[in-house]
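Subject: Structure handover

Hello,

Please load the file before you read on; my notes follow it.

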Amino acid sequence: MSWHRKHLLDIESLTAEEIVTVLDTARAFKAVGKRAIKKVPALRGKTVVNLFIEPSTRTRISFELAEQRLSADIINFTADASSLKKGETLKDTALNLEALNADFIVIRHSASGAPHFLSRVLNASVINAGDGAHEHPTQALLDAFTIRERKGKIQGLNVTILGDVLYSRVARSNIWALTKLGASVTLCGPSTLVPRVFEQMGCRVTYNIEEAIADADIINLLRIQHERQRKTMFPSLNEYASLFGLTKQRLERTRPDALIMHPGPINRGVEIDSEIADCDRSVILEQVTNGLAIRMAVLFLVNGGKGPQELVQ
Ligand code: CP
């Protein structure tokens, strides 16, 4: 079990073994988080810049807490108060951050490929915190971690991803991670948001929600990503909720042990009934908790850590 990568740019390029290394390292960090002293010195003397050029609650705060727990020095870049507003390019902004000895850049950007671009022009390690509709690797890792922790395995599970798949970086990263780990992935939603081309990624595509949820071990819901849609992809939110929302009636027709997941932010009453978001089969807040351990694991590994065997259990 080992890790040799300097960057975490996507899930597509990872092997199943590398994904499992992150999950196992995160399990060790989750145990560290239950100790009285939750901090470890793994990133002492290292500087991490959180370069969030798109809004975020969960990912940004989770990375920042992970960096604090690893004893790093942290710079939180605020795009709206920066010289990006004066026309400075992303490359020049990042080069200036590196000139201040940034060792790690955690980047969220609306442009697909922005983290890959920075990894080519910087010496610092780059971690993708979500790039356009392309990938959100740490979200997929925390989702896989949550599934494995709750179900004891990923291999052989039926995972349904329901909603706006087309514009979702979470969906793409989850599809890569789950198929590499041996799950069967079904995609469902309006045909405008779930094109059949996703079958080429090894998924089943269906537009029949009853069929999509009936045998699912996991139902992962996605919100409508209005910020990335250039035109209306369905007649109305009410119609979307009635045709593809997870309602109490639909939940009754799922397996009694099927888990409900959502990367957040949730839109109550649209893709998910409010009561379902809060019910005991929902692991939405557990996903957030697990995100901290995953981000600690990722930072530890890209800093040269080899795996969980290096952490005192
Ligand atoms: N899941 C997720 O990426 O949430 P944020 O946009 O709040 O970071």
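Asn101 is exposed, with 57% relative accessible area (buried means under 20%, exposed over 50%, partly exposed in between, with a 1.4 Å probe and protein chains only). Asn101 sits in the loop between helix H3 (90–99) and strand S3 (104–109). Helices (H or I, at least four residues) and strands (E, at least two) are DSSP runs, numbered from the N terminus. Asn101 is not a glycine, yet its phi is positive, about 70°.

This is a predicted model: local features need pLDDT of at least 70, side-chain atom pairs count only at pLDDT 80 or more, and totals for chains, interfaces and linings use all residues. Residues are numbered from 1 along each chain as its sequence is written, and side-chain values use heavy atoms, with hydrogens and water left out.

Backbone

Most residues other than glycine have a negative phi, and most peptide bonds are trans. Ser71 also has a positive phi of about 70°, and it is not a glycine. Ser71 lies in the loop between H2 and strand S2 (73–78). Ser71 is buried, at 18% relative accessible area.

Which two residues does a cis peptide bond join? They are Gly264 and Pro265, with omega about -5°. Pro265 is in the loop between S9 and helix H10 (274–277).

Salt bridges

There are 15 salt bridges in the structure. The criterion is a side-chain nitrogen of Lys or Arg within 4 Å of a carboxyl oxygen of Asp or Glu. Some of them are set out here.

- Arg5 pairs with Glu18, and the closest N and O atoms are 2.8 Å apart. This pair links distant parts of the chain, 13 residues apart: Arg5 is in the segment before helix H1 (16–32), and Glu18 is in helix H1. Arg5 is partly exposed at 27%. Glu18 is buried at 12%.
- Arg169 pairs with Glu54, with 2.9 Å between the closest N and O atoms. Arg169 is in helix H6 (residues 169–180) and Glu54 in the loop between strand S1 (47–52) and helix H2 (58–69), so the pair links distant parts of the chain, 115 residues apart. Arg169 is buried at 6% relative accessibility. Glu54 is buried too, at 14%.
- Asp257 pairs with Lys151, and here the closest N and O atoms are 3.8 Å apart. Asp257 lies in the loop between helix H9 (248–251) and strand S9 (259–261), Lys151 in helix H5 (residues 137–151), so the pair ties together parts 106 residues apart in sequence. Asp257 is partly exposed at 44%. Lys151 is partly exposed at 23%.

Asp24, Arg27 and Arg148 are linked in a salt-bridge network.

Helix packing

Two packed helices are described by the angle between their axes and the distance between the axes. At what angle do H1 and H5 cross? Their axes cross at roughly 70° and come within 10 Å. That makes H1 roughly perpendicular to H5. Axes are lines fitted to C-alpha atoms, for helices over the stretch in contact, and angles run from 0 to 180 degrees between N-to-C directions. Angles of 65 to 115 degrees count as roughly perpendicular, under 35 as roughly parallel, over 145 as roughly antiparallel, and the rest as oblique.

The H1 side of the contact is Ile19, Val20, Val22, Leu23, Asp24, Ala26, Arg27 and Lys30. The H5 side is Leu141, Ala144, Phe145, Arg148 and Glu149. Contact means heavy atoms within 4.5 Å. The residues of this contact divide into 8 nonpolar, no polar and 5 charged. Ala, Val, Leu, Ile, Met, Phe, Trp, Tyr, Cys and Pro count as nonpolar, Asp, Glu, Lys and Arg as charged, and the others, Gly among them, as polar.

Val22 lies in helix H1. Val22 is buried, at 0% relative accessibility. Leaving aside neighbours within four places in sequence, Val22 contacts Trp3, Leu141, Ile294, Ala297, Val298 and Leu301.

Cysteines

How many disulfides are there? The count is 0, where a disulfide is a pair of cysteine sulfur atoms within 2.5 Å. The sulfur of Cys188 is 13 Å from the closest cysteine sulfur, in Cys203, too far for a bond. Cys188 is buried, at 0%. The sulfur of Cys279 is 19 Å from the closest cysteine sulfur, in Cys188, again too far for a bond. Cys279 is partly exposed, at 21%.

Best regards
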